[in-house]
Amino acid sequence: MSGQYVVNICLRYPRGDFPAVVPTLSEAEWKPQVLESELPVMVEFWAPWCGPCRMVQPLIDELAQQYAGKLKVYKVNTDECPTIASNYGIRSIPTVIIFKDGEKKEAVIGAVPKSTLTTSIEKYL
């Protein structure tokens with residue numbers, strides 16, 4: 001079923017310009033929104049030209065809605081925020097990092113199933 005959902009999203013929004021649920025952070029927003037957050041934070045590092053990033057985006061949006069109030073979810077465009085990406089050793093996208101108490105706790109690299117991300121999230125709630 002989730003594979004069908006991804007296919008439907010890709011057909012409806014072939015260039016990946018579907019309505020965003022998850023806000024994109026700037027470098028100025030990084031510290032207050034991620035490092036100083038009282039809640040755990042999941043950040044997807046992505047770029048508009050990245051095909052696998054477009055595949056994962058609907059899952060990230062679903063997780064943001066599913067964990068609303070328990071987890072903050074943001075995106076960082078690695079082309080627009082290269083310093084943040086470099087500081088966290090981002091070498092491949094999509095990369096999802098979970099932060100808790102301002103510290104990087106876990107990274108998931110690549111287009112992975114929703115269950116993989118859910119398992120990572122649940123460890124830090």
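Me: Where does glutamate 44 sit, and is it buried or exposed?
Reply: Glutamate 44 belongs to strand β1, residues 41-46. Its relative accessible area is 1%, so it is buried. Buried means under 20% relative accessible area, exposed over 50%, and partly exposed in between, with a 1.4 Å probe and protein chains only.

Me: Before we go on, what kind of model is this?
Reply: This is a predicted model: local features need pLDDT of at least 70, side-chain atom pairs count only at pLDDT 80 or more, and totals for chains, interfaces and linings use all residues. Residues are numbered from 1 along each chain as its sequence is written, and side-chain values use heavy atoms, with hydrogens and water left out.

Me: Thanks. How do β1 and β2 run, and how many bridges join them?
Reply: β1 and β2 run parallel, joined by six bridges; strands pair if DSSP finds at least two bridges between them. The chain goes from β1 through helix α3 (residues 51-66) to β2 in a right-handed β-α-β crossover. Right-handed here means that, with the strands pointing away from the viewer, the path from the first strand over the helix to the second runs clockwise.

Me: And what stands opposite tryptophan 46?
Reply: That's asparagine 77 in β2. Strand β2 covers residues 72-77, and five of its six residues are buried.

Me: Switching topic: which cysteines does the disulfide join?
Reply: Cysteine 50 and cysteine 53, with S to S at 2.4 Å; a disulfide is a pair of cysteine sulfur atoms within 2.5 Å. The structure holds one disulfide.

Me: Why is it called right-handed?
Reply: Because the torsion about the S-S bond of cysteine 50 and cysteine 53 is about 80 degrees. Cysteine 50 is buried at 3% relative accessibility, and cysteine 53 is buried at 2%.

Me: Last one: how many helices and strands does the protein chain have?
Reply: Five helices and four strands, in the order α-α-β-α-β-α-β-β-α from the N terminus. Helices (H or I, at least four residues) and strands (E, at least two) are DSSP runs, numbered from the N terminus. Of the 125 residues in the protein chain, 43% are buried.
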